[in-house]
Number of protein chains: 2
Amino acid sequence: MMALKLKATNLGSMPSPADVIFDALREAIVEGELKDGETLRQDHIASMFNVSRIPVREALARLEEQGLVTTQRHKGAVVSSLSHEEIAEMFEFRALIEGEVIRHAVRVISDRTLAEAKAFAEAFAAETDSGKWAQLNRLFHYTLYKDCGRPYHLQIVSKALDKIARYLRAQLVLTHGIARARIEHEGILKAAMARDADEAAALTRAHILGASRSLISFLQAQEKD
Amino acid sequence: MMALKLKATNLGSMPSPADVIFDALREAIVEGELKDGETLRQDHIASMFNVSRIPVREALARLEEQGLVTTQRHKGAVVSSLSHEEIAEMFEFRALIEGEVIRHAVRVISDRTLAEAKAFAEAFAAETDSGKWAQLNRLFHYTLYKDCGRPYHLQIVSKALDKIARYLRAQLVLTHGIARARIEHEGILKAAMARDADEAAALTRAHILGASRSLISFLQAQEKD
DNA sequence: CTACTGGATATTGGATCCAATTTACAATAG
DNA sequence: CTATTGTAAATTGGATCCAATATCCAGTAG
């Protein structure tokens with residue numbers, strides 16, 4: 001067959017304009033750059049990306065399927081917002097899945113992965129720019145999960161995180177969550193390094209549920225304005 | 001204000017053509033009418049519904065986001081297929097969530113809901129048309145879950161079920177799964193009626209994992225052709 | 001002054017048109 | 001006869017156009 005050596009990038013699987021727009025919008029929503037309830041004008045987005053509205057509509061359809069935006073017929077798409085109850089449920093869900101996932105991961109985790117996680121935990125603890133906390137936090141946890149051999153579980157976790165990342169950010173930045181997170185991360189990491197799967201799972205669950213309580217009471221307090 | 005009495009249906013939230021097509025395709029995939037790997041031609045679908053390809057493309061984009069179809073640029077969409085490992089993981093995932101969900105549901109379940117579940121269990125046990133087993137099975141379980149007060153959990157369970165329903169059908173119809181399911185349903189129902197949440201959860205988990213083992217070994221045996 | 005009507009404007013959703021890519025197959029060279 | 005090239009048909013993805021709906025605002029009746 002072919003005896004040609006060259007870096008062949010698979011053009012067939014290059015991201016389509018719709019993919020690019022989808023990712024950009026998702027990121028903007030997850031990072032909180034697009035606020036809850038903000039409406040997304042197809043025309044506006046289309047001209048930002050220099051395309052027609054067609055790929056924008058595809059991106060919006062996919063975002064809606066993910067639950068990140070909500071559309072009303074002929075009225076348009078807005079960034080979905082979650083009630084306190086919904087947020088609390090999402091945290092409970094995360095605690096369930098992430099506990100399970102880390103339990104499986106720790107049983108087979110490599111030293112290399114542990115080192116990575118440790119690096120993220122330290123970067124997180126050292127970081128002073130509050131805008132980067134959320135991302136480092138997510139990387140730390142994800143690293144501890146990634147060896148679990150359960151891609152579907154990880155995908156679901158990732159989608160759930162996308163939906164609440166905006167709120168989590170508030171918890172870290174505005175409620176002293178960062179100090180507690182540092183301590184709890186250390187505990188989780190230590191359990192993982194000791195290959196104590198059940199302990200890592202229990203600590204992860206407690207970490208998530210603790211963040212949930214802190215966030216919810218913060219939101220309730222805020223509500224009284 | 002207005003003092004007019006008439007049944008006002010909210011036209012604004014009527015399903016769009018794209019919604020209708022999405023539902024129809026999802027149903028066809030879930031029910032196994034569209035086989036694994038079968039390709040979905042936009043043109044063909046569009047003419048079946050007497051619309052242009054635009055709403056079809058929206059439906060396909062949403063189905064892809066759900067993981068029910070897979071698209072390759074310029075090649076088209078095919079019904080997604082799952083490897084044995086992926087199927088096994090989905091069952092494991094279901095066992096985790098559905099166990100949790102029934103545990104919460106049983107704690108607050110109403111007599112009315114229990115009666116409904118009982119009716120479905122009996123209909124399932126009595127049904128001789130194998131084409132209806134899967135649906136009754138799903139209704140029975142869903143009824144036992146629905147009081148759990150965790151809509152997001154239920155939605156995730158539903159999406160996971162959609163992805164494996166085709167394979168589950170094979171398990172029920174082709175592996176004597178039906179006989180065992182009858183017995184196990186009775187056990188789960190009894191635990192629910194006794195308001196024994198932990199027992200109901202344990203039995204549900206075992207029910208799901210048992211079906212998984214049975215299905216996987218069936219698929220592996222089948223592979224040798 | 002207030003509440004309603006009617007029309008202008010903006011926006012979405014679908015149809016049609018067009019470009020780019022894949023696929024099938026015939027023609028041709030070795 | 002086999003492998004390769006070139007071309008036609010089929011298909012997707014994006015652009016443009018159009019119809020339907022929502023929103024806004026001015027005008028008008030009470």
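Modeller: A crossing is left-handed if the near helix is turned anticlockwise from the far one by less than a right angle, and right-handed if clockwise. In this predicted model, α5(B) and α6(B) cross in the left-handed sense. Helices here are DSSP runs (H or I, at least four residues), numbered from the N terminus. As for the model, local features need pLDDT of at least 70 and side-chain atom pairs count only at pLDDT 80 or more, while totals for chains, interfaces and linings use all residues. Residues are numbered from 1 along each chain as its sequence is written, with chains lettered from A and ligands numbered from 1 in the order in which they are written.

Biologist: At what angle do α5(B) and α6(B) pack, and how far apart are their axes?

Modeller: Two packed helices are described by the angle between their axes and the distance between the axes. Axes are lines fitted to C-alpha atoms, for helices over the stretch in contact, and angles run from 0 to 180 degrees between N-to-C directions. For α5 (residues 111-126) and α6 (residues 130-145) of chain B, the angle is about 160° and the axes lie 9 Å apart. The two helices α5(B) and α6(B) are therefore roughly antiparallel (an angle over 145 degrees).

Biologist: Which element gives the most to the surface near DNA strand D?

Modeller: The greatest contribution near DNA strand D comes from α3(A), with four residues.

Conventions: Parallel < 35°, antiparallel > 145°, perpendicular 65-115°, else oblique.
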